Amino acid sequence: MAAFRRFSQILLRSSLTQTRRQLSAAAGHGENAVKTWKILSYVVALPGVAVCMLNVYLKEQSHSHEQPEFIPYSHLRIRSKRFPWGDGNKTLFHNPHVNALPDGYEGHDE
């Protein structure tokens, strides 16, 4: 039993020593990697996000905000039972500018 204990301790020490050597060898590489990724974040990632934000802003400015024409398709806006909130006809996240009711948009008498 004592021989087994000594043998396991020797194996454990050798694996710990080997692990320490590997970690100490990689320690110098980690400092350079952190510096590289920090520079890449500032030089590539942040300007990339800024360009994407500018693209979205410019596209939104040229976008028209008019409602599309209401066409009463029979397969859309089917209400088999009332919703349990409000007047029972509007969905939970109803937006009157975008979402039409079964009989048309709100505020438009057509």
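**Aromatic pairs and a salt bridge**

Two aromatic pairs (rings of Phe, Tyr and Trp, the last by its six-membered ring, with centres within 6.5 Å) are found in a search of the whole structure. The model is predicted, with pLDDT of at least 70 needed for local features and 80 or more for side-chain atom pairs, while totals for chains, interfaces and linings use all residues. Residues are numbered from 1 along each chain as its sequence is written, and side-chain values use heavy atoms, without hydrogens and water.

Phenylalanine 70 and tyrosine 105 form an edge-to-face pair (planes over 60 degrees apart; under 30 counts as stacked and the rest as tilted). Their centres are 6.1 Å apart and their planes lie at 75°. Both residues are in the segment after H1, 35 residues apart, and the pair links distant parts of the chain. Helices are DSSP runs of H or I with at least four residues, numbered from the N terminus. Phenylalanine 70 and tyrosine 105 are both buried (under 20% relative accessible area; exposed is over 50% and partly exposed in between, with a 1.4 Å probe and protein chains only).

Phenylalanine 83 and tryptophan 85 form a stacked pair, at 5.3 Å centre to centre and 15° between the planes. Phenylalanine 83 is partly exposed at 25% relative accessible area, as is tryptophan 85 at 31%.

The structure holds 1 salt bridge (a side-chain nitrogen of Lys or Arg within 4 Å of a carboxyl oxygen of Asp or Glu). It joins glutamate 106 to lysine 90, with the closest N and O atoms 3.3 Å apart. Both residues lie in the segment after helix H1 (2–61), so the pair ties together parts 16 residues apart in sequence. Glutamate 106 is partly exposed at 27% relative accessibility, and lysine 90 is partly exposed at 27%.

Note on methods
Helix = DSSP H or I, 4+ residues; strand = E, 2+ residues; numbered from the N terminus.
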